[in-house]
Every structure is written in C-alpha cells, then in structure tokens.
Amino acid sequence: MAVACASVFFDSCSTGEDTDEVSFYFPQYEAADFAGGDFPCLTDWDVVSVCGDERVHKTVPAQEKAVSFVLEKNSPCAVLAFPVILCADREIEFFKPAGCIYPEQRSLSFLHGFSASVLDEFYSHSILSGTSPEKAVSYARRFNWEKFISVIEQKNNFPSPELLYNPWLLEKSTVLEGIAAGSFSATYLVMKNVRSVSESEIRTALQKKSLILENSFSVPPDADFAFFSSYCPFNNQEGEKSFTVKYGVQEEFLCVFSESQPVRAFVSVTKDGKITLALNSIPI
C-alpha cells in the first residue's frame, strides 16, 4: 500500500535544455498601522531562484508586482521571496518566505513558501552528499511536484474551522527523506500534535505572567501589543485572530508593545493546555 501511495509522486524522467524568461508574481501584502495590529511595512522582497547548485539572488522593491528569472525549461526550480519589513526603523527579515515551484507555478504564495523550501533543501542536501547537480536535477524531475502542491492546497482548503493549516509545522526532515528514498506519500503532509491558540489566550498568559522574561526585560504596565506569527497567514473567526502551534515546541512570533521596540516572542503549549510566552529582550 505504501509503495502504491508513493508511486503517484514519482514519474519517468524527462529532459529539456531550453531556457525561458519567467515572471513570478508576488502575493498580496497588506500593511498599515504596525502597532495597531496590521502587518509591518514591506520595503523589499529578497528573492532567490534555486535549480541544482545554481542560486540567483535579486532584491525587488515592494511596489513591484513581479520578478523575472531565466530558467531551464522542464527543470524543477524553487523560487523563494523573503519579505523585508520595516521594524523600529530597521529593515529586517522575520516572516517565512512566499514561494512556488517552477514549472508548475508562476505565482508566489506564503502557503507554498514551504513547498519551495523543500525543493531548495533537497538540492542543497543532494549536492552536499556528493550528488552532481545534473543528477540532482534529473531526480527532482521524476518527483511529482504538481501532486505535492495539490495535496498541500487540499489540506489548506479544508481545515477544521478553528485550525489553520500551517505546512511549516510538518516534519520537513521526514518529507525530504521520503522524497530522497522514493517512498514519499501524502500522509507526510498531515499536521500532527497541533492545536489552535488565539491571540486572547496569549494576552491572558501575559496578564497572568505565564511567561519567561529574558535579561530582565520588563513588560510595560497595562501592556497592549500586536502579535505576528512568522507564518504570515492566520485564522480569523468572528474577529478573533488565532494561530496553529505544535505541542511542546516553541513557535516564533513578533511582539510589538505600544511605544516600545519589537521583540521576539516564543509561544509553547503543553498537552494540558498551559501556554508559556517567552519574550526575548534583545530588540529585533
């Protein structure tokens, strides 16, 4: 059964040496009042295309709608776009990248930043292990990236009402091992040991002092803050923002207190429901 499931993800090898200039469109990114809870201002996109051992970097201003790369036709290419945001008058990268896999996709999305990162790391690991770039690309051609993308989208389109599908919570090392071994199946893309955490629950943890303060960081009196997951999408039910986290694992967030510099926050949840919020006093 496992072999039958895995086979849908692998095809016979095809080749092609022609190149093509391809435009990839950035996802919509809304930003307004950072401290008021809207996303921080986007200044640029740091974009990289990856095929075999070839990596091409570009920095694209936020107002641009697309980025172009010259790519080899029929060769799987990962395109990742990291948002560069303005935070306390400094430009930083905090959010997970948007991404896509060429030739199956031409539009970058935050959902498929994970998909692109899998292909990126597949190439990196293959070449570091001594596989030639040509063989790595040839093997990547055999994998059914279209099916991989489709399963991710199915998981994302039919979540439970209170739980946002976050592919970054998957075991990426297991996904990569399955692809390399030819044993990959859709079960690798199922989230496990996760739960939804609402922003109000995090605020309650803050009020109850269920947190760890590093380097004598002091929470401002009657603190109000904006809270951002490193994975841009979030669930919104009846005006309540919520995020998906993994039991026992610290998930990274950006925490912005009113009239204070943003800091990194790490949220963890135990199986009995206890929420711990760790604040790093070193400014972003």
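The questions and answers below go through a predicted model. Local features need pLDDT of at least 70 and side-chain atom pairs pLDDT 80 or more, while totals for chains, interfaces and linings use all residues. Numbering runs from 1 along each chain as its sequence is written, and side-chain values use heavy atoms, without hydrogens and water.

Me: How many helices and strands does the protein have?
Reply: Both are DSSP runs numbered from the N terminus: helices are H or I with at least four residues, strands E with at least two. The count is six helices and 15 strands.

Me: What percentage of the residues in the protein is buried?
Reply: Buried means under 20% relative accessible area, exposed over 50%, and partly exposed in between (1.4 Å probe, protein chains only). The protein has 284 residues, and the buried share is 48%.

Me: Is Asp120 buried or exposed?
Reply: Asp120 sits in helix H2, residues 113-128. Its relative accessibility is 11%, so Asp120 counts as buried.

Me: Which side chain does the side chain of Asp120 join in a polar contact?
Reply: A polar contact is a pair of N or O atoms within 3.5 Å; within protein, one must be able to donate a hydrogen and the other to accept it, and residues adjacent in sequence count only if both atoms are side-chain atoms. Contact in general means heavy atoms within 4.5 Å. Leaving out residues up to four places away in sequence, Asp120 touches Val50, Arg55, Ala78 and Leu80. The polar contact, at 2.8 Å, is with Arg55.

Me: At what angle do H2 and H4 pack?
Reply: Axes are lines fitted to C-alpha atoms over the stretch in contact, and angles run from 0 to 180 degrees between N-to-C directions. Phe114, Ser115, Val118 and Leu119 of H2 meet Trp145, Phe148 and Ile152 of H4. The axes of H2 and H4 (residues 145-157) lie 10 Å apart, and the angle is about 145 degrees.

Me: Which residue in S12 is the bridge partner of Val197?
Reply: Two strands pair if DSSP finds at least two bridges between them. S8 (residues 194-198) has five of its five residues buried. S8 and S12 (residues 240-246) pair in the antiparallel sense over five bridges. The partner of Val197 is Phe243.

Me: What distance separates the C-alpha atoms of Gly178 and Tyr188?
Reply: Gly178 belongs to helix H5, residues 172-181. Gly178 is buried, at 1% relative accessible area. Tyr188 is 10 residues apart from Gly178 along the chain, and their C-alpha separation is 8.2 Å.
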